[in-house]
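Dear colleague,

I am handing over the structure below, followed by some notes on how its elements are arranged. Please read them alongside the coordinates.

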Amino acid sequence: MTTVDDELLTVPEVMARLKLGRWKVYDLIRSRRLASITIDRARRVPAEAVRAFIAEQMELAA
């Protein structure tokens, strides 16, 4: 079962999943290659956006 905690990831969680640094994750968000939302001052990335980003990168690499 999926919970809300699993659906929205923090930037450090995205960094760990993609094995990228903070600057690169924010660069992907700024360039709109990685979707995100802001709740008050907190940036959250939907887990599905991370999966879609990985799938897109796999397609480009093929």
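Three strands make up an open sheet in the order 1-3-2, with antiparallel pairing; strands here are DSSP runs of E with at least two residues and helices are runs of H or I with at least four residues, numbered from the N terminus, and two strands pair if DSSP finds at least two bridges between them. The model is predicted, so that local features need pLDDT of at least 70 and side-chain atom pairs count only at pLDDT 80 or more, while totals for chains, interfaces and linings use all residues. Residues are numbered from 1 along each chain as its sequence is written, and side-chain values use heavy atoms, with hydrogens and water left out.

Strand 1 (8-9) and strand 2 (37-39) are the edge strands, each pairing on one side only. Strand 2 pairs with strand 3 (residues 42-46) in the antiparallel sense over three bridges, and Ile39 stands opposite Ala42 in strand 3. Helix 4 packs on the sheet, where it touches strand 1 and strand 3 (contact means heavy atoms within 4.5 Å), and its direction makes about 55° with that of strand 3; angles run from 0 to 180 degrees between N-to-C directions, and axes are lines fitted to C-alpha atoms, for helices over the stretch in contact.

Helix 2 (residues 11-18) packs against helix 4 (residues 47-61) at an angle of about 30°, their axes being 11 Å apart. That makes helix 2 roughly parallel to helix 4, a term for angles under 35 degrees. Val14, Arg17 and Leu18 of helix 2 make the contact with Ala47, Val50, Phe53 and Ile54 of helix 4.

Best regards

Technical notes:
Parallel < 35°, antiparallel > 145°, perpendicular 65-115°, else oblique.
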